[in-house]
Amino acid sequence: MPNPLPVVLVVEDEPGIAETIHYALASDGFAPEVCASAREAMERFAAAPPALAILDVGLPDLSGFELLRRLQDLPGGKAVPMLFLTARADEIDRVVGLELGADDYIAKPFSPRELVARVRTILRRSQRGGSEPNQAPAPVHQALAAIKTEVEDSGSPFILDEERRLIRYHGQALALSRYEYGLLAALLQRPGRVFTRGELLERVWDDPGESFDRTVDAHVKTLRAKLRAVREDEDPIRTLRGVGYALK
């Protein structure tokens, strides 16, 4: 008989932390499955993708970053939300995690209640948003068709293909996460117009009340890196310190 509870795959090699996470999730209506190594996690994941995966970055046989890549390559892997759990709280690590497609990042030591709350928030988002990685949230999606021709005819280096949920920059298709796509699409609606971080949260994120200004900043940083990989000498996103962002 199938388990009616959402399965959460927990990949953590420290027994005390793994036990704490298991207890917190099980007490809150989840079915946690704990693995102590990346190899075991890939075997469990391949057998049956979970509703969500929590990955420790510092695993004994493989980094959590590489594990995320390999899990995403498995059947159904790209549809499973991922959360990184690590003792490394540096900004660069958070950015790398988001760049790879992680849905959230929590540093040790952490509150078990906060971890469970984040798991619930991520699952709500994924259930509302569907599994397509570049799917635009509704407020952005509804406006894209109206501005597609305008963007293409303006001489802009950007080409917006709403039907395929694809943005090209100087002719090159950008491999964007869902929220990177939503941010850039929002900026493309009004080039030169300054969007506050709060406005971008409202337009792009499913549950802006559960997100923070630094979430926008981190995604803008990864988006900029992808744009510079196409044209290193250009930075089309303008930052207004203490206010927000605009497309030049």
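Five strands, paired in parallel, form an open sheet in the order β2-β1-β3-β4-β5; two strands count as paired if DSSP finds at least two bridges between them. Helices (H or I, at least four residues) and strands (E, at least two) are DSSP runs, numbered from the N terminus. At the edges stand β2 (31-35) and β5 (104-107), each with a single partner strand, so one side of each is left without a neighbour in the sheet. From one strand to the next, the twist averages 20°.

The model is predicted: local features need pLDDT of at least 70, side-chain atom pairs count only at pLDDT 80 or more, and totals for chains, interfaces and linings use all residues. Residues are numbered from 1 along each chain as its sequence is written, and side-chain values use heavy atoms, with hydrogens and water left out.

Within this sheet, strand β1 (residues 7-11) pairs with strand β3 (residues 52-56) in the parallel sense over four bridges. V10 has I54 in β3 as its bridge partner.

Helices lie across the sheet. Helix α1 (residues 15-27) lies across β1, β2, β3 and β4 (82-86), and runs at about 165° to β2. Helix α3 lies across β1, β3 and β4, running at about 165° to β4. Angles run from 0 to 180 degrees between N-to-C directions, and axes are lines fitted to C-alpha atoms, for helices over the stretch in contact.

Helix α3 (residues 64-73) also packs with helix α2 (residues 38-47), at an angle of about 20° and with the axes 10 Å apart. That angle makes α2 roughly parallel to α3, a term for angles under 35 degrees. In this contact (heavy atoms within 4.5 Å), A38, A41, M42 and F45 of α2 meet L67, R70 and L71 of α3. The residues of the contact divide into six nonpolar, no polar and one charged.

A further open sheet has three strands in the order β6-β7-β8, with antiparallel pairing. Here β6 (158-161) and β8 (172-173) are at the edges, each with a single partner strand, so one side of each is left without a neighbour in the sheet. Strand β7 (residues 166-169) pairs with β8 in the antiparallel sense over two bridges, and R168 stands opposite A173 in β8. Helix α7 (residues 178-189) packs on this sheet, touching β6 and β7, and its direction makes about 65° with that of β7.

Over the whole chain, the secondary structure comes to nine helices and eleven strands. Of the 248 residues, 47% are buried, that is, under 20% relative accessible area (1.4 Å probe, protein chains only).

How values were computed
Angles under 35 degrees count as roughly parallel, over 145 as roughly antiparallel, 65 to 115 as roughly perpendicular and the rest as oblique. Ala, Val, Leu, Ile, Met, Phe, Trp, Tyr, Cys and Pro count as nonpolar, Asp, Glu, Lys and Arg as charged, and the others, Gly among them, as polar. Buried means under 20% relative accessible area, exposed over 50%, partly exposed in between (1.4 Å probe, protein chains only).
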